[in-house]
Amino acid sequence: MNRNLSDAEKQKLLVVARESIVNHIKGNPVPKYDITEENLKAKSGCFVTIKIDNKLRGCLGQFTSDRPLYHLVREMAIAAATRDPRFYPLTSEDLENIDLEISVLSPLKKIDSIEEIEVGKHGLYIEKNFYRGVLLPQVAVEYGWDRNTFLEQTCLKAGLEKNAWKEEAEIYIFSAEVFGES
């Protein structure tokens with residue numbers, strides 16, 4: 001990534017994410033923010049991950065945005081809390097137990113060789129026919145996967161056979177600046 005967020009900027013994005021989720025779930029208006037930091041106004045993709053008791057509870061994002069980063073963080077935080085199809089929407093009771101993580105993304109880069117994939121540095125986006133799957137860089141590290149397992153798991157996430165990446169699939173890499181509350 002060509003941009004590094006300061007600790008204060010990371011903290012501000014985490015506050016935006018948490019306050020947006022809490023207010024939305026409680027039926028209150030989501031706050032408007034007066035953001036002056038250029039890094040937070042830049043147009044960049046991001047994912048917001050929600051965990052409860054160290055278990056995934058929601059994760060949604062976008063690779064690109066025509067809106068400022070802090071807007072997308074707000075939008076993806078609410079989406080991860082309420083619209084991740086793998087989970088029921090968060091309730092007021094869940095709010096005290098959530099732990100948030102934000103991944104600010106670099107642009108996607110199509111690769112010609114899997115040798116370009118660096119586990120721990122890159123996330124994967126695989127596309128084949130109408131199937132698409134993405135796994136963030138930290139997922140491979142959390143599960144101790146090697147490159148091939150990372151590719152296979154991304155294919156499975158896309159609804160493909162695990163070795164579909166070997167035949168006419170488009171493989172993209174990206175990096176992420178990852179930070180969280182804990």
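This is a predicted model: local features need pLDDT of at least 70, side-chain atom pairs count only at pLDDT 80 or more; totals for chains, interfaces and linings use all residues.
The side chain of Asp 94 reaches the backbone nitrogen of Thr 91 at a distance of 2.8 Å. When neighbours within four places in sequence are left aside, the contacts of Asp 94 are with Ile 52, Arg 57, Tyr 88 and Pro 89.

Strand 5, comprising residues 122-128, is mostly covered, and six of its seven residues are buried. Strand 5 is joined by six bridges to strand 7 (residues 170-180), and the two run antiparallel. Within this pairing, Glu 127 stands opposite Glu 170 of strand 7. Strand 5 is also joined to strand 6 (residues 131-135), here by five bridges and again in antiparallel orientation. Lys 128 is placed opposite Tyr 131 of strand 6. Strands 5 and 6 form a hairpin in which two residues lie between them.

The N-terminal end of helix 5 is capped by Asp 146, a side-chain oxygen of which lies 3.4 Å from the backbone nitrogen of Asn 148. Helix 5 is followed by Gly 159, which has a positive phi near 85°.

Most residues other than glycine have a negative phi. Asp 53, although not a glycine, has a positive phi of about 55°. Asp 53 lies in the loop between strand 1 and strand 2 and is exposed, with a relative accessible area of 61%. Glu 168, likewise not a glycine, has a positive phi of about 60°. Glu 168 is found in the loop between helix 5 and strand 7, where it is exposed with a relative accessible area of 78%.

The largest pocket holds about 700 Å³ of space. Its lining consists of 28 residues, and those nearest the centre are Leu 56, Cys 59, Arg 86, Leu 135 and Lys 157. Strand 2 makes the greatest contribution, with five residues. By class, the lining of the largest pocket comprises 14 nonpolar, eight charged and six polar residues.

The second largest pocket contains about 150 Å³ of space. It is lined by Lys 110, Ile 111, Asp 112, Ser 113, Ile 114, Trp 165, Ala 169, Glu 170 and Ile 171. Five of these lining residues are nonpolar, three are charged and one is polar. Glu 170, which belongs to this lining, is also the residue of strand 7 that stands opposite Glu 127.

Definitions and conventions. Residues are numbered from 1 along each chain as its sequence is written. Side-chain values use heavy atoms; hydrogens and water are left out. Buried means under 20% relative accessible area, exposed over 50%, partly exposed in between (1.4 Å probe, protein chains only). Helices (H or I, at least four residues) and strands (E, at least two) are DSSP runs, numbered from the N terminus. Two strands pair if DSSP finds at least two bridges between them. On a 1 Å grid over the protein atoms alone, a cavity is a set of points where a 1.4 Å probe fits but cannot get out, and a pocket is an open set with protein on both sides within 12 Å along at least five of seven lines; lining residues have an atom within 4 Å of a point. Grid points are joined across faces, edges and corners, and a volume is the space filled by probe spheres set on the points. Ala, Val, Leu, Ile, Met, Phe, Trp, Tyr, Cys and Pro count as nonpolar, Asp, Glu, Lys and Arg as charged, and the others, Gly among them, as polar. A polar contact is a pair of N or O atoms within 3.5 Å; within protein, one must be able to donate a hydrogen and the other to accept it, and residues adjacent in sequence count only if both atoms are side-chain atoms. Contact means heavy atoms within 4.5 Å.
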